[in-house]
Protein chains: 2
Amino acid sequence: MTGTASEAARALLAADNILILTHRRPDGDTTGCAGALCRGLRQLGKTAYILENVELTRRYEGLIAPCYAPADFVPDCVVTTDIADYGLLTDNAEPYRDRLDVVLDHHRSNAMAAPVRVVRETAGACAELIADVLDEMGVTLTADIAECLYIALSTDTGCFRYSNTTPDTLRIAARCLEAGVDGGEINRRLFEVKSWPRFQMERIIFDTMEFLMDGKIALVIIRRADINRTGADMDDLDSIASLTRQIEGVQVGITITENTDGTSKISVRTTKEVDASAICAKCGGGGHLRAGGASLSCGPDAARDQIVDAARQVYAESELA
Amino acid sequence: MTGTASEAARALLAADNILILTHRRPDGDTTGCAGALCRGLRQLGKTAYILENVELTRRYEGLIAPCYAPADFVPDCVVTTDIADYGLLTDNAEPYRDRLDVVLDHHRSNAMAAPVRVVRETAGACAELIADVLDEMGVTLTADIAECLYIALSTDTGCFRYSNTTPDTLRIAARCLEAGVDGGEINRRLFEVKSWPRFQMERIIFDTMEFLMDGKIALVIIRRADINRTGADMDDLDSIASLTRQIEGVQVGITITENTDGTSKISVRTTKEVDASAICAKCGGGGHLRAGGASLSCGPDAARDQIVDAARQVYAESELA
């Protein structure tokens, strides 16, 4: 059961002091949605804030950091944006866990409860829903609100490249450009410019990439020593697991990251021929059809052997079937 | 002076046998426009063909190759799509040079003459104009027409990433998705998958990239031996000159390609701080503010010294100014 954008708008219009929550490891969608909603509510004369998110990276800082709630803020309405599950609430959101008023999301798996709960599964970005809620409330799409929405839309759809991009994604982005957003400059910053650490990490990755099974499997190990040497941080390593799958003929891209404690994080990306979650399940992990993951307590080289075996098994099984 | 989409529509509707021309080194916009227009005219019962373009690469083959005109086709109306200048007409278009009926383009520099000449300078892709012409003629946007338009829009705007993307670009792309275009799959093929030769060329480029002036200048030499060894063709080297500018802090990206005869082709890409055409002009070339080029009769290493000198001079002059 999902509500409508106009129900959400009514609930928000009935409130005076609104607190907006974002999810752990905040991305462009959760921060863009929160930033747009907060600014829109303020335009209507409401007192609105965003709860601080300590995991915020510099990439999305401007969207929400200027709107952080003071410590003594007492909301009469708590809203979540793009948060699929209670486990994705930040630690400081714990007091609001059982008193959420409005849930706004687009994840099919959404497991949050609230009097008003709107989950638009068809949306490429949660920002499509937020745009409708803002329209329903009568908010004017100013340049600052449009910039938040645009960043949410573009980051969640690979800059309008992925199959989750909808006609609505594109039409709302068109309105954002009309509202004064400099899409070219934003996209250059978000999608084109490689930081020095990122550039060096990519160079290492492409130089050490290993190909198996006639190039159907590509495998990369991201070693802690390289991360330390290049000074790469979370932003620099963002979506680095997708690099393996970019090469012609690769069906299974495996990225093994050596954690600080010497254990291994495995990310598997596949094309439509292979089930990523089936491969990861053999190593105690899981995921979706085209993207899966697993955590192993061993080091990256032992992890390599396990996940390669798992991939080979999945291939063997599918050939038997 | 530029005409309107409805004037172009009227001229096309008045004709029965229409021939469409594409430009040399055909890209996604010229082929997508021609493909969409040809299919749209056929939907209206017209006899429409596209003149063969011998430089067509496999990437855009499906858009126009199936519509090539038979040798004995006699048009009563000749249309150009996305062709800015007579020098960009293919050799086999020579007989039509002085009898063009409709010119459809979006280049500010368009220098073509015709009874109906529509140049929409504000459009990110010529396909925006074509979409209007199709609408004016009453063509239904079927999936095959929409795919041509979508590819034209996405390739000319870096998949909606560049600053030339307009609200119209995005709204027409939205209609294309609604008409059944699989944008995710198209974009994966056009923008994400790297061929083996491309992957190897990028590896060479990133390994040998040279940085000057505290990283403000990045320089790459693409040697003929590497091209031959990797088997890279025109498609594989497409927009390879943009790689240098992707790195944080780089203001001037220089790519020198060794031609088959040992001479050098220089491409310069700059960020907003530096004028690319000013640098290229010092080596006998020219171009735009952020993209320029030059041809030198010397080999790539001598060309390197000349163009680096030119870049340093432009920096020195701007500091004096």
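Leaving aside its neighbours within four places in sequence, which residues is Arg171(B) in contact with? They are Arg171(A), Ala174(A), Arg175(A) and Glu178(A). Contact here means heavy atoms within 4.5 Å.

## Ground rules

This is a predicted model, where local features need pLDDT of at least 70, side-chain atom pairs count only at pLDDT 80 or more, and totals for chains, interfaces and linings use all residues. Residues are numbered from 1 along each chain as its sequence is written, chains are lettered from A and ligands numbered from 1 in the order in which they are written, and side-chain values use heavy atoms, with hydrogens and water left out.

## Two copies

Chain A can be laid on chain B with an RMSD of 0.2 Å. The move is a turn of 180 degrees plus a shift of 0.1 Å along the axis. The two copies are thus related as by a two-fold rotation axis. Both use the same surface: 100% of the contact residues of chain A recur in chain B. The superposition is by least squares on the C-alpha atoms of residues with pLDDT of at least 70 in both copies.

Back to Arg171(B). This residue sits in helix α6 of chain B. Helices are DSSP runs (H or I, at least four residues), strands likewise (E, at least two), and both are numbered from the N terminus. Arg171(B) is partly exposed, at 26% relative accessibility. Buried means under 20% relative accessible area, exposed means over 50%, and partly exposed lies in between (1.4 Å probe, protein chains only). Glu128(B) is 43 residues from Arg171(B) along the chain, and their C-alpha atoms are separated by 9.6 Å.

## Aromatic pairs

One of the pairs is Phe211(A) with Phe199(B), which is edge-to-face at 5.8 Å centre to centre and 80 degrees between the planes. Phe211(A) lies in strand β6 (residues 210–212) of chain A, and Phe199(B) in helix α8 (residues 196–208) of chain B, so this pair joins two chains. Phe211(A) is partly exposed, with a relative accessible area of 24%. Phe199(B) is buried, at 1%. Tyr150(B) and Phe160(B) have ring centres 5.7 Å apart and planes at 65 degrees, so that pair is edge-to-face too. Tyr150(B) belongs to helix α5 (residues 143–156) of chain B and Phe160(B) to the loop between α5 and α6 (167–178), so the pair ties together parts 10 residues apart in sequence. Both Tyr150(B) and Phe160(B) are buried. An aromatic cluster also spans the chains: Trp196(A), Phe199(A), Phe206(B) and Phe211(B).

Strand β1 (residues 17–21) of chain B is mostly covered, with 4 of its 5 residues buried. β1(B) runs parallel to strand β2 (residues 47–50) of chain B, and 4 bridges join them. Strands pair if DSSP finds at least two bridges between them. Ile18(B) stands opposite Ala48(B) in β2(B).

Thr31(B) lies in helix α2 (residues 28–43) of chain B. This threonine is buried at 0% relative accessibility. Its side chain reaches the backbone oxygen of Asp27(B) at 2.7 Å. Beyond four places in sequence, its contacts include Leu56(B), Tyr60(B) and Ile64(B). Thr157(A) is found in the loop between α5 (143–156) and α6 (167–178) of chain A. Thr157(A) is also buried, at 0%. The side chain of Thr157(A) reaches the backbone nitrogen of Phe160(A) at 2.9 Å.

## Annotated domains

UniProt, in an unreviewed entry, places "domain: DDH" at residues 17–152 of chain A. That span is 31% helix and 16% strand, and its end C-alpha atoms lie 24 Å apart. UniProt also lists "domain: DHHA1" (unreviewed entry) at residues 229–315 of chain A. There the figures are 28% helix, 25% strand and 36 Å between the end C-alpha atoms. UniProt positions follow the numbering used here, feature names are shortened, and annotations may be inferred rather than shown by experiment.

Note on methods: Rings of Phe, Tyr and Trp (its six-membered ring) pair if their centres lie within 6.5 Å; planes under 30 degrees apart count as stacked, over 60 as edge-to-face and the rest as tilted. A polar contact is a pair of N or O atoms within 3.5 Å; within protein, one must be able to donate a hydrogen and the other to accept it, and residues adjacent in sequence count only if both atoms are side-chain atoms.
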